[in-house]
Amino acid sequence: MGSVASPQQSTNNEEASTRDIETHAGHNQLLNESNASKIKYLQNIITETLRIYPVAPLLIPHESSSDCKVCDYDIPKGTMLLANLWTLQKDPNLWADPTRFVSERFDDNGDGSKVCYNMIPFGVGRRVCPGGVLAKHVMGHALGALFRCFEWEKIEDQVDMAEGIGLTLPKAQSLQTLFPIELRMPLLRELLKKKVKTRLPLPLFGSNNF
Ligand code: HEM
C-alpha cells in the first residue's frame, strides 16, 4: 500500500528533532551513542517508522512445537506460522489513524522498553531479535548525525512512500534529497579535523539516494 508524507509533516518532524538534538547534545556538538538514545523525539520517529514500515513484515516463519489455539483457531503441532506484522501494526482496532505517521503517539510510552504486543518489529519471546537494542542505538546515532551535520531539502514536494516487494520491506522509489552542506560548516569542519570517515560525498550541493 502506498502513502505519501506531506511536506509540512516532515518539516515539523525535522525541526522538532533538531531542537531535541540541540537540547541533549548541546549547540554545535556531534551526537554520541549515549545522548542519541536519550533523544525521545528521534526515538519516536524511529519507532513510528518501524510501526508503519516494519523491516520484516511477516517476521520469520515459526513452527508450533505443540497443539495450541491462536484466537479462535486450533493450530496443530508442526504448523508453520507467519505473524503478519504489517497488518497488526496498522490494525485500526489497536491504533488511532493507523496509516498516518504520528511519532507523538509514543510520547507516553516511557523508554519504549515495555513489551507491547501491538508493536513487535523485532519479534517477541524466546526468538526475539537479539540485535534490537543495538539496532535502535545505531539508527538514532546515524539519523541524529545526519540531521545535525546537514541541512536537508527535499527535491520533490511530496515523498513517495510506496512500498516495494520483498521479504524485507524496501522503498519502491529511492529517497532523493539535497544537502547544501555549507549551512552546517562548523560541524563539518569539526568532522574533517577529526578525520572522521564518511561515505557521504562532499560536493557543495550534492544529492543522495537512500
Ligand atoms: C532495524 C534492525 C533490525 C530489525 C528490524 C530486526 C528484526 C528481526 C526480526 C523480526 C527477527 C525475527 C524474530 C522472530 O523470529 O520472531 C530477527 C532475528 C534476529 N536478529 Fe534482528 N533485526 C535488526 C537488527 C539486528 C542486528 C543489528 C542484529 C545483530 C547484531 C540482529 C540479529 C538477529 C539474530 C541473531 C536473529 C535470530 C534470533 C533467533 O532466531 O533466535 N538483528 N531480527
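Which residue does UniProt list for "binding site"? The unreviewed entry lists C129. UniProt positions are given here in the numbering used for this model, with feature names shortened, and such annotations may be inferred rather than shown by experiment.

Before I continue, two remarks on the model. Residues are numbered from 1 along each chain as its sequence is written. The model is predicted: local features need pLDDT of at least 70, side-chain atom pairs count only at pLDDT 80 or more, and totals for chains, interfaces and linings use all residues.

Let me begin with the chain as a whole. The chain has six helices and nine strands; these are DSSP runs, numbered from the N terminus, with helices being H or I of at least four residues and strands being E of at least two. Of its 210 residues, 17% count as buried. A residue is buried if 20 or more other C-beta atoms lie within 10 Å of its own, exposed if 12 or fewer, and partly exposed in between, with C-beta atoms placed from the backbone. Among contacts between residues at least 6 apart in sequence, 68% join residues at least 24 apart. Two residues are in contact if their C-beta atoms, placed from the backbone, lie within 7 Å.

I turn now to the ligand. It is surrounded by 14 residues, and the closest are V55, G123, C129, G131 and A135. A residue counts as near a molecule or strand if its C-beta atom, placed from the backbone, lies within 6 Å of it. By class, this shell has eleven nonpolar, two polar and one charged residues. Here Ala, Val, Leu, Ile, Met, Phe, Trp, Tyr, Cys and Pro count as nonpolar, Asp, Glu, Lys and Arg as charged, and the others, Gly among them, as polar.

Where does C129 lie? C129 is in the loop between α4 (85-88) and α5 (132-149). C129 is partly exposed, because 17 other C-beta atoms lie within 10 Å. Leaving aside neighbours within four places in sequence, C129 is in contact with F122 and G123.

A135, for its part, is found in helix α5. With 15 C-beta neighbours inside 10 Å, A135 counts as partly exposed. A135 and F122 are 13 residues apart in sequence, and their C-alpha atoms are 9.8 Å apart in space.

Helix α5 has 18 residues and reaches 26 Å from its first C-alpha to its last, close to the 26 Å expected at 1.5 Å a residue. The expected span is 1.5 Å times one less than the number of residues. Buried residues in α5 include K136, H141, L143 and F147.

Which residues make up the largest nonpolar core? They are I39, L42, I45, L143 and F147, five in all. The elements that give two or more residues to this core are α3 (40-52) and α5. A nonpolar core is a set of buried Ala, Val, Leu, Ile, Met, Phe, Trp, Tyr and Cys residues joined through C-beta atoms within 7 Å. In α3, the buried residues include L42, I45 and L50. The end C-alpha atoms of α3 are 18 Å apart, which agrees with the 18 Å its 13 residues should span at 1.5 Å a residue.

Finally, two loop residues. L59, in the loop between α3 and β2 (62-63), has a positive phi of about 50° although it is not a glycine. L59 counts as buried because it has 22 C-beta neighbours inside 10 Å. D97, found in the loop between α4 and α5, has a positive phi of about 45° and is likewise not a glycine. D97 is exposed, with 9 other C-beta atoms within 10 Å.
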